[in-house]
Amino acid sequence: QVQLVESGGGLVQAGDSLRLSCAASGRSFSAVSMGWFRQPPGKEREFVASISWVGGRTYYADSVKGRFTISRAKNTVYLQMNSLKPEDTAVYYCAGAQKVRIGAPDDIDYWGEGTLVTLSS
């Protein structure tokens, strides 16, 4: 059974930085891409960033370009979030997929449970 476990969420102020981690485990785990989605309060889940497991190619949503950085090491994926804004408040989900490029929830094969990031105004 594949497991994705996120950590690193919390309450921060606008302008702060935060790093999320996602540890992947499971004998059958194999993913072509890993990424992060988020679900703001009252809204649908949306793509944030992804990285291909081979080659390390990265993709970002326009709303986070220049502020967020996705990276990977062994079976862990990170999301470094800088210059956080109130609109970044959301539950952040780690995701794994068999596709090279992911951009929608339907692309995802594995989901984590999510970690909450809250920006105080």
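User: How much accessible surface does the protein chain have, and what percentage belongs to carbon and sulfur atoms?
Analyst: The accessible surface of the protein chain comes to about 6400 Å²; such areas come from the Shrake-Rupley method with a 1.4 Å probe, and for residues only the protein chains shown count as cover. The part that belongs to carbon and sulfur atoms is 46%.

User: At what pLDDT do side-chain atom pairs count?
Analyst: Residues are numbered from 1 along each chain as its sequence is written, and side-chain values use heavy atoms, with hydrogens and water left out. This is a predicted model, where totals for chains, interfaces and linings use all residues, local features need pLDDT of at least 70, and side-chain atom pairs count only at 80 or more.

User: How many helices and strands does the protein chain have?
Analyst: Helices (H or I, at least four residues) and strands (E, at least two) are DSSP runs, numbered from the N terminus. By that rule, the protein chain has 0 helices, and its strands number 11.

User: Why does the radius of gyration agree with a compact globule?
Analyst: The radius is taken over C-alpha atoms, and the globule rule is 2.2 Å times the number of residues to the power 0.38. For 121 residues a compact globule would have a value near 14 Å, so there is agreement with the radius of the protein chain, 13 Å.

User: How many residues of β8 are buried?
Analyst: Buried means under 20% relative accessible area, exposed over 50%, and partly exposed in between (1.4 Å probe, protein chains only). β8 is mostly covered, and its buried residues number 5 of 6.

User: Which residue of β8 is the bridge partner of L18?
Analyst: Two strands pair if DSSP finds at least two bridges between them. Strand β3 (residues 18-25) runs antiparallel to β8, joined by 6 bridges, and β7 also pairs with β8 in the antiparallel sense over 6 bridges. In β8, F68 is bridged to M81, and the bridge partner of L18 is M81.

User: Which residue in the turn of the hairpin of β7 and β8 has a positive phi?
Analyst: Most residues other than glycine have a negative phi. The hairpin has 2 residues between β7 and β8, and its loop lies between residues 68-73 and 76-81. With phi near 55 degrees, the residue is K74.

User: Is S83 buried or partly exposed, and with what relative accessible area?
Analyst: S83 lies in the loop between β8 and β9 (90-97) and has a positive phi of about 50 degrees although it is not a glycine. S83 is partly exposed because its relative accessible area is 41%.
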